[in-house]
Amino acid sequence: MESKALEVTREIGEVAERLHLLTAVQVQAALAARAMKPLDDEHDPGLVFVEEGLLSRAQLDYVETVRRFKSVRIAEKRFGDLAIARGWATWEQVNAAMEVQKILFMKEHKEVMIGEMLVRQHVLTADQRDILLKVQHRARQEAAAGKAAAPVAAAAPAAQGEIATAVEAPAAPPIPAAARKPAPAGSYAISIAPDHLTAYVTLTEGVSRPGVEDLRQALHLAHVEYGIDEEALQQACDPAAPTGQPLPLAHGLAPRPGQDASIEYLFDLHPLKAGREIDDAIDFKDRGDIPQVEAGAVLARKQPAVDGVPGRDVHGRVLKVAKVKDARLQAGNGAQLTPDRLAVLAQVAGHPVLTASGVIAVHPEYRIDGNLGYNTGHVDFAGRVIVSGTVQHGFRVKCGELVAKEIEGGEVEASGDVMVAGGVIGARIRADGVVKAKYLHTTHVEAMGDVLVQREVVESTVETSGVFHGETCTLLASTVSAKGGVVVQEIGSPSSPPCHITVGVDERVLHQIEQYEAAIAAQEQALAALAEEITARRKEREELEPRIGALAQVQDKILVRRRELEQAASAGDGQAKHLLEMLHEQVASTEQELDALFAAQDAAAAALAELQEKQNAAQEEMVRLRAEIVRLHDWMSETAAKPELKVQKMTYQGTVIRAPHSEVRLSEDKKLLWLEEREVTGEQGDTGWQLVPKG
């Protein structure tokens, strides 16, 4: 059993991971280091993260604050649930108090218990607060003793990087069978609607009417505490009230569902995409279906999310509504968000695009008549590059979007689509949008959007976060990974090396995250080296200061002595004149030495400033890289995986097919192969993931 200190260390690591300050690997490494040198429980449990260089002291203090805050909030939520269940406070009042409590705790580090806050706000009396505290204390004692205490709704786990604040509905009180269906109760029967939003009384014909207090007591026994209609109680007790039919006595409040945020795009999102044929010859003067906008045009509008309104049934239980989903409106090159962040406008005239990661951009055009090669050099253009010829070997294109006739050995990095009318040979393409070509030979493609190839992929690697569309394409000696699945005509041949196919896994993003993490590790090493150099420079500067001070004192004494000798020499003292000449030489020597020390001090200060600037730049780069990792994780969670492979003709033996949880190597040729990964139950009742025929 791990010690209390190690348990707290683990909790701190988990909170830091949820806040994206640490990775799971870093947390495990710190826990291992902590276990290797056990300390007593009085030692600061989180100090190991500082000692290992993973967190600063300020970051550790923040993480510890969040951890303590979350543990306090569990008990506080239960207190709020009890207050709501007894009808002493509303859901809105408790939620508002907890929000104020959160601000006081997180910003001012003041721990004010919710019971005290509700008393200050005149929601509860001091006596009511004390009663609830006693009930809560008794429940804890019973739970510790193993008794079955009445359950209180558990706090929902907070999202990563957030602190739970909302108060959930208290657990339902036991409702007797008589409250679920009409049952005789002398002269009347109480019943509850199936949705628990209405309570009824059914009066019996030929017997005396109940009194108001009789009905009130009956409702209490049926656990009806909310929405009781006093006028309806009076009417039900009237001798003229109808019998044999349910009469409503109490009404709950139906919840009002919220509305998710939505984005309306005001331009064509899919020009020249899947299924659209492009001829070998492109008329580069014909804009065709490519949308064009002027500067200032509205490209998209966001409809903000509307929060739902919780309801309450006649038992007083809060009826929760689903949390609404937000929609991210993002502007890239050539576009900008309006101040209210509810619309995106074009900053320049050009071609509007929506990248696979949801960024709206406007690409102005840069046209190259002929080849991109020695006559043009490398191209770095934020907009749309149109090459009527070939992107030649050894040349790089960095752009928003690329349209070219062919690519032969070039290197392309695009924030949008890459559309090639012909083929790609010996090239490397990295795109945040769609990649389309007639064929790929010895080429490496990484795309966030779909990849569409018409004829063949030979000795190439393709990684896409979308779908690989190759309905008329043959794969030979290639590796293809597609999160959205693979559709091809044929895989392999009797004589070619086997292909490797991965479906339902975003290897492109995973590799990118690995590169970012490696870059972060390199920055951490650079920061460590910079820290050592900064320390050395500071020490050098500090060592110069006492030398300068001592020499300055010597200089002051010499100057005082010079003034004395000058006075004596002016009075005719010959020896004073001789000493004054010697002193002039000493003054010059001292000034020269002092100037050298000042120059060294200035050089050390300049070097220190340069090092600190590099340190700041490295820290900013680490922040940027960590933000990119978070963005990529969000991207992976927001896009659905489809572990599915469809081959319309032949798949040859040796082909390796991998999915998130399973892998298979074909031992024989297969025709019309259509596989998907599913969780399958075996003959013994055990379950496991397998690639099985679809349908």
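1. Contact here means heavy atoms within 4.5 Å. On that basis, and leaving aside neighbours within four places in sequence, Glu-446 of this predicted model is in contact with Arg-428, Ile-429, Arg-430, Ala-431, Glu-463 and Arg-508. The residue belongs to strand β21, which spans residues 444-447. Glu-446 counts as buried because its relative accessible area is 8%, and the cut-off for that class is under 20%. Its side chain also makes a polar contact of 3.2 Å with the side chain of His-444.

2. The protein chain has an average pLDDT of 80, and 85% of the residues score at least 70. Residues 147-185 form a stretch with pLDDT below 50, although the model gives this stretch 79 contacts beyond near neighbours in sequence. Where pLDDT is low, the predicted coordinates should not be read in detail.

3. The open sheet of β1, β2 and β3 can be described next. Its 3 strands follow the order β1-β2-β3, with antiparallel pairing. β1 and β3 are the edge strands, each pairing on one side only. From one strand to the next, the twist averages 25°. Between β1 and β2, the antiparallel pairing extends over 5 bridges; Ala-189 has Thr-202 in β2 as its bridge partner. Helix α9 packs on this sheet, where it touches β1, β2 and β3, and the direction of α9 makes about 40° with that of β1.

4. How are the buried residues of α9 arranged around its axis? Within this helix, residues 212-221, the buried positions are Val-212, Leu-215, Ala-218 and Leu-219. Viewed down the axis of α9, these buried residues fall within an arc of 125°, and they therefore line one face of the helix. Glu-213 and Leu-221 are exposed and lie on the face turned away from the buried side of α9. The elements covering the buried residues of α9 include β1 (188-192), β2 (198-203), α10 (230-236) and β3 (246-251).

5. Most residues other than glycine have a negative phi. His-196 is classed as partly exposed because its relative accessibility is 22%. For Glu-459, phi is near 50°, which is also positive in a residue other than glycine. Glu-459 sits in the loop between β22 (451-458) and β23 (461-464). With a relative accessibility of 51%, Glu-459 is classed as exposed, the cut-off for that class being over 50%.

6. Strand β20 (residues 435-441) pairs with β22 in the parallel sense over 6 bridges, and Ala-437 stands opposite Val-453 in β22. β22 is also joined to strand β24 (residues 468-476) by 5 bridges, and these two strands run parallel. In that pairing, Val-451 stands opposite Phe-468 in β24. Strands of a sheet pair through backbone hydrogen bonds, either parallel or antiparallel.

7. Thr-9 is classed as buried because its relative accessible area is 0%. When neighbours within four places in sequence are left aside, the residues in contact with Thr-9 are Leu-31, Arg-34, Pro-45, Val-48 and Phe-49.

Key:
Residues numbered from 1 in each chain as written. Heavy atoms only, no water. Buried < 20%, exposed > 50% of the residue type's maximum accessible area, 1.4 Å probe, protein only. Helix = DSSP H or I, 4+ residues; strand = E, 2+ residues; numbered from the N terminus. Arc of directions from axis to C-beta. Pairing = 2+ DSSP bridges. Axes fitted to C-alpha atoms, helices over the stretch in contact; angles between N-to-C directions. pLDDT = per-residue confidence, 0-100. Polar contact = N/O pair within 3.5 Å; in protein donor to acceptor, adjacent residues only side chain to side chain.
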